[in-house]
Amino acid sequence: MSRLADTKAKTDTHKGAARLSRLPTLTGLRFPAALLVFLYHAALPIPALRLLEEQDAVTGFYKLAGQAGGLGVSFFFVLSGFVLTWSARADDSPKAFIRRRFVKIYPNYVIAWVLAMVLFAAAYTPDWMALTNLLMLQVWVPEFNLNFSVDPPSWSLGAEAFFYAAFPLVLHFCRRIRPGRLKYWIGGVIAGIFATPLLAYALLPQAPGIPGGEKSSVVQYWFTYVLPPVRMLDFVLGVLVALAVMNGRWRNIGMVWSGLLLVVTYILTAYVPYLYGQRAVCIIPIVFMIAAGAVADTKDRFTIFRNPVMVWLGDISFAFYLLHFIVLAYCRKLLGSTSFSVPATVGLLAASLAVTVLLSWAMYALVERPITRRWSRPRRAQATAT
């Protein structure tokens, strides 16, 4: 009986910490993840983005950053499930949850859509494709140009919309798992993530290939990397890991070891089949990193990601994620067909990064934060709270 009481007390302590902590380390980690996606798009060897003149430099840059986008997106999907579970309210309703997600996500999404259409995308985007993108439905068919239409990074928000719609039900069922069995579920979901590219390569057509020469067909890439029900595995993994940490059932290896493991697995992505690198190889260190950050915050331990600058960058990271491709593409458009040396390209990318940060700050301060504060709850609930 005493052991049962101790276990319950330990669980309650973790749950209490989860409710009280804002998890600043995880907020600070959002910007490095968004920066990885920025570097991936900056490295793409396509005319709409390429700045470098020398082909060897182009090849080297893409070889270095070619899997950074996949790493960043996987990090965000797992983080989303983790943070939503960590902050879930016991008395919350699905309607209230969806409302909060909608007012936080969609206004920024629409502004980025308009900017992309006005600045460059309208010239080559059919009306039906633009409308499908605006409605966040671009991820549901294996059509590469549709999946990455208008503002290409926005495809992941189409997947996130599906995650948010399913989250109340997912959390309900995951909470029914006994804490001692969470590790088996976590292992099973990780196995499912690794099985995804295996099934795609084994069962799906190998042609036509995706643009860029990577060894994957359009349908294989869509199934492995884009399709929301498949990417839900990443999100559910975040939910399960959050529950494990909150219930004291997580073996923490710390942020340093998690970071080192992440570096090693990222290097490994260059030596495995393309879709494994995009989706699976880095998933375990991503989980360890997110859990380690949460544990550090609940124990009030120092991390380099919880300082005010990193937290501020994390706060604007959603806007940064939506705007960075627009800045990169419009910069390339303004510069015409001129190519540049490596030092000049570094300078241009640094300038693009700075512009994106400033625009993201403006979007966060003028759109995301005030709309979220004003519309996250119905007026009646706000009046009652006041």
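User: Trp86, buried or exposed?

Analyst: Trp86 counts as buried, with a relative accessibility of 4%. Buried means under 20% relative accessible area, exposed means over 50%, and partly exposed lies in between (1.4 Å probe, protein chains only).

User: What kind of model is this, and what goes into the values?

Analyst: The model is predicted, so local features need pLDDT of at least 70 and side-chain atom pairs count only at pLDDT 80 or more, while totals for chains, interfaces and linings use all residues. Residues are numbered from 1 along each chain as its sequence is written, and side-chain values use heavy atoms, leaving out hydrogens and water.

User: Back to Trp86. Which residue does its ring pair with, and how?

Analyst: Trp86 forms a stacked aromatic pair with Phe82, at 5.4 Å centre to centre and 15° between the planes. For a pair, the ring centres of Phe, Tyr or Trp (its six-membered ring) lie within 6.5 Å; planes under 30 degrees apart are stacked, over 60 edge-to-face, and the rest tilted. Phe82 is buried, at a relative accessible area of 0%.

User: Where do Phe82 and Trp86 lie?

Analyst: Both lie in helix H4 (residues 68-86), four residues apart, about one turn of the helix. Helices (H or I, at least four residues) and strands (E, at least two) are DSSP runs, numbered from the N terminus.

User: How many aromatic pairs in the structure?

Analyst: There are 25. One of them is Phe38 with Phe320, a tilted pair at 5.9 Å centre to centre and 40° between the planes. Phe38 sits in helix H2 (residues 24-43) and Phe320 in helix H16 (residues 317-334), so the pair links distant parts of the chain, 282 residues apart. Phe38 and Phe320 are both buried.

User: Which residues do ring pairs link into a cluster?

Analyst: The cluster takes in Phe77, Phe97, Phe144, Phe148, Trp155, Phe163, Tyr164, Phe167, Tyr221, Tyr225, Phe235 and Tyr274.

User: And which Arg lies over the face of Tyr164?

Analyst: Arg101 does, at 5.3 Å from the ring centre. A charge sits over a ring if NZ of Lys or CZ of Arg is within 6 Å of the ring centre and within 35 degrees of the ring normal. Arg374 is likewise placed over the face of Trp375, at 4.2 Å from the ring centre.

User: Changing topic. How many salt bridges does a search of the whole structure find?

Analyst: Six. A salt bridge here is a side-chain nitrogen of Lys or Arg within 4 Å of a carboxyl oxygen of Asp or Glu. Arg231, Asp234 and Arg279 are linked in a network of them.

User: What are the closest N and O distances from Asp234?

Analyst: For Arg231 with Asp234 the closest N and O atoms are 3.2 Å apart, and for Arg279 with Asp234 they are 2.5 Å apart. Arg279 lies in helix H13 (residues 274-279) and Asp234 in helix H11, so this pair ties together parts 45 residues apart in sequence. Arg231 and Asp234 both lie in helix H11 (residues 228-246), three residues apart. Arg231 and Asp234 are buried, and Arg279 is buried too.

User: What about the largest pocket: what volume, and which residues are closest to its centre?

Analyst: The volume is about 1600 Å³. Of its 50 lining residues, Val83, Leu84, Ser87, Arg101 and Lys104 are closest to the centre. On a 1 Å grid over the protein atoms alone, a pocket is an open set of points with protein on both sides within 12 Å along at least five of seven lines, a cavity is a set where a 1.4 Å probe fits but cannot get out, and lining residues have an atom within 4 Å of a point. Grid points are joined across faces, edges and corners, and a volume is the space filled by probe spheres set on the points.

User: Which element gives the largest share of that lining?

Analyst: H8 does, with nine residues.
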